[in-house]
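Subject: Structure handover

Hi,

Here is the structure for you to open alongside this email. Once it is on your screen, please read on for what turned up in it.

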Amino acid sequence: MRKQPQHVVFFVGPDMCGKTEIARATAVALGVPYFKASSEHDSYLSSKVSRREAFLNQLRYADPRVFDVLQQSGHSLVFDRGFPCEYAYSRVFNRETDTTMLRHMDEMWSTIDARIVFCYRTSYEGIVDDLDPNITARVLQDIHAEYESFFVWSKCKHLALNVDDEVLGREVDDVLRFLMENT
């Protein structure tokens, strides 16, 4: 019996781009688990020191362990956000991060062909985050730009997925085609 290919996929992008819905639907289509950290929103956006430190600790200690589990087991997983988000959000919100560890994690994930799906809009005009009204169209555009700067150095294969039409079926089909490339 042929072993199924491993699919490790990170869905990233500015708020209000449909990452969660697309990630869940992709996980269902692949028949693999979906994961979203319950502390995600607080970790990325918080100005509280304890929450920022919690994310740095996750990056430094938990993320390498998760990588080890997936590398050693060959299991697949769809992540709703991940280390590229820490890069983008820490730069936009001018908070401490561990860039060395981010680059190390990128290198590690690339060794198992982890893929990154960057969900984005052509324009963020008129869009405001549903949980934090301080995240305006201008902030969303800044976050978008930081993701683009991340992909300049990332070793992981990535897909820039335009979500302007908000057609879930098309979005998932595009992601599945991307995941099947070179597997």
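The side chain of E146 meets that of R91 in a salt bridge, 2.6 Å from N to O (a salt bridge is a side-chain nitrogen of Lys or Arg within 4 Å of a carboxyl oxygen of Asp or Glu). Because R91 lies in helix α4 (residues 83-92) and E146 in helix α6, the pair ties together parts that are 55 residues apart in sequence. R91 itself is partly exposed, at a relative accessible area of 45%.

A word on the ground rules. This is a predicted model, in which local features need pLDDT of at least 70 and side-chain atom pairs count only at pLDDT 80 or more, while totals for chains, interfaces and linings use all residues. Residues are numbered from 1 along each chain as its sequence is written, and side-chain values use heavy atoms, with hydrogens and water left out. Helices (H or I, at least four residues) and strands (E, at least two) are DSSP runs numbered from the N terminus.

Now the sheet. Five strands form an open sheet in the order β2-β3-β1-β4-β5, with parallel pairing (two strands pair if DSSP finds at least two bridges between them). β2 (34-35) and β5 stand at the edges with a single partner strand each, so one side of each has no neighbour in the sheet. As background, strands of a sheet pair through backbone hydrogen bonds, either parallel or antiparallel.

Strand β1 (residues 8-12) is joined to β3 (residues 77-80) by four bridges, and F10 stands opposite F79 in β3. Four bridges also join β1 to β4, where V12 has F118 as its bridge partner.

Strand β4 (residues 115-120) deserves a look of its own: six of its six residues are buried. R115, V117 and C119 point one way, while I116, F118 and Y120 point the other. Six bridges join β4 to β5 (residues 157-162), and R115 pairs with K157 in β5. Between these two strands the chain crosses through helix α6 (residues 137-153), and this β-α-β crossover is right-handed (with the strands pointing away from the viewer, the path from the first strand over the helix to the second runs clockwise).

Back to the charged side chains: the count comes to 13 salt bridges. One of them joins D80 and K36, with the closest N and O atoms 3.8 Å apart. D80 lies in strand β3 and K36 in the loop between β2 and α2 (40-45), so the pair ties together parts that are 44 residues apart in sequence. D80 counts as buried at 3% relative accessibility, and K36 as partly exposed at 33%.

Another links E166 and R121, whose closest N and O atoms are 2.9 Å apart. E166 lies in the loop between β5 and α7 (168-180) and R121 in the loop between β4 and α6, so this pair ties together parts that are 45 residues apart in sequence. E166 counts as exposed at 57% relative accessibility, whereas R121 counts as buried at 11%.

Best wishes

Note on methods: Buried means under 20% relative accessible area, exposed over 50%, partly exposed in between (1.4 Å probe, protein chains only).
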